[in-house]
Amino acid sequence: MAPLLNWIADALNNWQAVIPLAPVASVWVLYYQTKQQRKFEAFWNLYRQWGSPEMRATRRRAATLLEQKEYLKNPALLTVDISDVLDFFDTLAMLARKSIVDKNLAWHQFYWWAVNYWYASEEYVRQVQAAEGEKTWEDIKSFLPQLMKREGQNQRPDAAQLAKFLDEEKGLP
């Protein structure tokens with residue numbers, strides 16, 4: 001009986017040492033839950049924005065312009081539509097870099113669009129960067145290799161894949 005009483009006494013003594021830590025643990029759990037909720041809310045806001053009627057219209061126009069490549073002949077056609085799509089992905093990449101958006105969620109939801117829009121707009125990006133500076137869209141440029149590695153892809157989409165992708169985007173409802 002004495003060993004059992006000693007064990008109970010030790011347990012009670014240990015709980016007395018742990019009880020003051022309970023508020024600290026509670027604050028940490030609350031902080032962690034709030035941080036995770038904010039990360040998901042940031043992701044969810046981007047997800048809703050990407051699928052919004054306004055962004056779908058922007059994507060349709062951007063895909064049409066990228067396919068026609070008229071902006072190459074006439075720099076006055078450098079358009080806000082293509083820039084808006086690239087800005088969206090640059091923002092996603094910046095938020096992922098700062099751990100505001102989970103990188104796995106970003107990869108899972110946006111990988112295909114990000115890679116295809118980036119490579120479909122390479123010439124456009126060069127023109128804009130020549131005018132505005134190399135820092136334009138630097139976050140998405142550095143994030144793409146991470147996305148491609150996570151996807152297990154080490155090659156850029158070929159011309160046929162990009163053409164198919166742009167056709168799909170032009171047909172968005």
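Colleague: What pattern does the protein follow, read along the sequence?

Modeller: Read along the sequence, the pattern is α-α-α-α-α-α-α-α-α. The secondary structure comes to nine helices and zero strands. Keep in mind that this is a predicted model.

Colleague: How many residues are in the protein, and what percentage of them is buried?

Modeller: The protein has 173 residues, and buried residues make up 33% of them. A residue is called buried when its relative accessible area is under 20%. Take Ala96, which lies in helix α5 (residues 80-97). Ala96 counts as buried because its relative accessible area is 0%.

Colleague: What span should helix α3 have, given its 16 residues?

Modeller: Helix α3 covers residues 53-68, and at 1.5 Å a residue it should span 22 Å. Its end C-alpha atoms are 23 Å apart, which agrees.

Colleague: Which residues of α3 are buried?

Modeller: They are Met55, Ala57, Thr58, Arg59, Ala62, Ala63 and Leu66. For reading such a list, there is a general idea. An α-helix has 3.6 residues a turn, so residues three or four places apart point the same way. Now look at what comes after the helix: α3 is followed by Lys69, whose phi is positive, near 55°.

Colleague: Where is the kink in α6 centred?

Modeller: The kink in α6 is centred on Phe110 and is about 75°. Phe110 is also one of the buried residues of α6, and others among them are Ala106, Tyr111, Ala114 and Trp118.

Colleague: Which residue caps the N-terminal end of α6?

Modeller: Asp102 does, with a side-chain oxygen 3.0 Å from the backbone nitrogen of Asn104.

Colleague: Next, cavities. How many of 30 Å³ or more are there?

Modeller: The count comes to one cavity of 30 Å³ or more. The largest cavity has a volume of about 40 Å³.

Colleague: Which residues line the largest cavity?

Modeller: The lining is made of Lys103, Trp107, Phe143, Gln146, Leu147 and Arg150. By type they divide into three nonpolar, one polar and two charged. Two helices, α6 (103-120) and α8 (138-151), each supply at least two residues of this lining. The largest share, four residues, comes from α8.

Colleague: How far apart are Ala96 and Phe143 in sequence and in space?

Modeller: They are 47 residues apart in sequence, and their C-alpha atoms are 8.6 Å apart in space.

Note on methods. Residues numbered from 1 in each chain as written. Predicted model: local features only at pLDDT ≥ 70, side-chain atom pairs only at ≥ 80, totals over all residues. Heavy atoms only, no water. 1 Å grid on protein atoms, 1.4 Å probe; cavity = no way out; pocket = protein on both sides within 12 Å on 5 of 7 lines; lining within 4 Å. Points joined across faces, edges and corners; volume = space filled by probe spheres on them. Nonpolar A, V, L, I, M, F, W, Y, C, P; charged D, E, K, R; others polar. Expected span 1.5 Å × (residues − 1). Buried < 20%, exposed > 50% of the residue type's maximum accessible area, 1.4 Å probe, protein only. Bend = angle between axes of the 7 residues up to and from the residue. Polar contact = N/O pair within 3.5 Å; in protein donor to acceptor, adjacent residues only side chain to side chain.
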